[in-house]
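Below is a short briefing on one structure. Please look over the sequence and the fold before reading the points.

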Amino acid sequence: MEADELIRDYIGRLEAASWPLPPDRRAELVGEVREHIETALAEAGRRDAVTVHNVLERLGRPEEIVSSEADVEPGPPRWVDARLADAAVSIPAWGGLEIAAVLLLTVGAVLLPLFGPALGLVLVWLSTRWTTREKVIASVIVVVIFVLPVLGLLAVDGTAGASSS
Amino acid sequence: MDIDLIRVLLPLAAIAAAIFLVVALARRRR
């Protein structure tokens, strides 16, 4: 493989490996690496295949360069998240599941005691529109306002019953 | 155990949770 062909192949692999980076950072990184290669070759004073091969070997694999970028995190890249967030604006906030959940938690709590709110909370957890944090907070609200006082009363009843017998 | 208390507390708890969820969705839309 010729020297320039080796460099092109390396840069191609770097571009392919750097997909998780934001486009501007990706171009910047490729530019930096290209410049580094040219500087190293200028310092070596030769541009044959063996010198290029040695320079590229010292740089490391393109995948390693990309993964050593501090802001690369596992999962989809942040700029993809930002685009998804923009797209999410066009998705209606309320789906059938969310409406049913809120109805069961409000009207259902009055018309179908216990069953309504329980099913409502199940629907809340099935929904993808609320974050896990919001689902946890909603569940905690129900537990704190309803379950804890009821448990407290049951405990009081239990001790009252035990002391009266 | 006062059954009336359950009748009051349960809807109250569920409605409070529902209000929180509605507000959470509404805030995200803004």
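**Helix packing in a predicted two-chain model**

The crossing of α2(A) and α3(A) is right-handed, where left-handed is the term if the near helix is turned anticlockwise from the far one by less than a right angle, and right-handed if clockwise. The model is predicted: local features need pLDDT of at least 70, side-chain atom pairs count only at pLDDT 80 or more, and totals for chains, interfaces and linings use all residues. Residues are numbered from 1 along each chain as its sequence is written, and chains are lettered from A and ligands numbered from 1 in the order in which they are written.

**Chains**

- Chain A has eight helices and zero strands; helices (H or I, at least four residues) and strands (E, at least two) are DSSP runs, numbered from the N terminus.
- Of the 165 residues in chain A, 19% are buried, a term for residues with 20 or more other C-beta atoms within 10 Å of their own, against exposed for 12 or fewer and partly exposed in between, with C-beta atoms placed from the backbone.
- Among contacts in chain A with a separation of 6 or more, 51% join residues 24 or more positions apart; a contact requires C-beta atoms, placed from the backbone, to lie within 7 Å.
- Chain B has one helix and zero strands, and 27% of its 30 residues are buried.

**Interface of chains A and B**

- 27 residues of chain A are in contact with 21 residues of chain B.
- On the side of chain B that touches chain A there are 18 nonpolar, no polar and three charged residues; Ala, Val, Leu, Ile, Met, Phe, Trp, Tyr, Cys and Pro count as nonpolar, Asp, Glu, Lys and Arg as charged, and the others, Gly among them, as polar.

**Helix α2 of chain A and its partners**

- α2(A) has 22 residues and spans 32 Å from its first C-alpha to its last, close to the 32 Å expected at 1.5 Å a residue, the expected span being 1.5 Å times one less than the number of residues.
- After α2(A) comes A:G45, with a positive phi near 75°.
- A:T39 lies in helix α2 of chain A and counts as exposed because it has 11 C-beta neighbours inside 10 Å.
- Helix α2 (residues 23-44) and helix α3 (residues 49-59) of chain A pack at about 130° with axes 10 Å apart; axes are lines fitted to C-alpha atoms, for helices over the stretch in contact, and angles run from 0 to 180 degrees between N-to-C directions.
- α2(A) and α3(A) are therefore oblique to each other; angles under 35 degrees count as roughly parallel, over 145 as roughly antiparallel, 65 to 115 as roughly perpendicular and the rest as oblique.
- Residues making this contact include A:V33, A:I37 and A:L41 of α2(A) and A:V52, A:V55 and A:L59 of α3(A); by class the contact has eight nonpolar, two polar and no charged residues.
- Helix α1 (residues 3-17) of chain A crosses α2(A) at roughly 155°, the axes coming within 10 Å, and the two are therefore roughly antiparallel.
- The crossing of α1(A) and α2(A) is right-handed, and its contact residues include A:I7 and A:E15 of α1(A) with A:V30 and A:R34 of α2(A).

**Helices α6 and α7 of chain A**

- The axes of helix α6 (residues 96-111) and helix α7 (residues 115-126) of chain A come within 7 Å and cross at roughly 165°.
- The crossing of α6(A) and α7(A) is left-handed.
- Their contact has twelve nonpolar, three polar and no charged residues.

Terms used:
Two residues are in contact if their C-beta atoms, placed from the backbone, lie within 7 Å.
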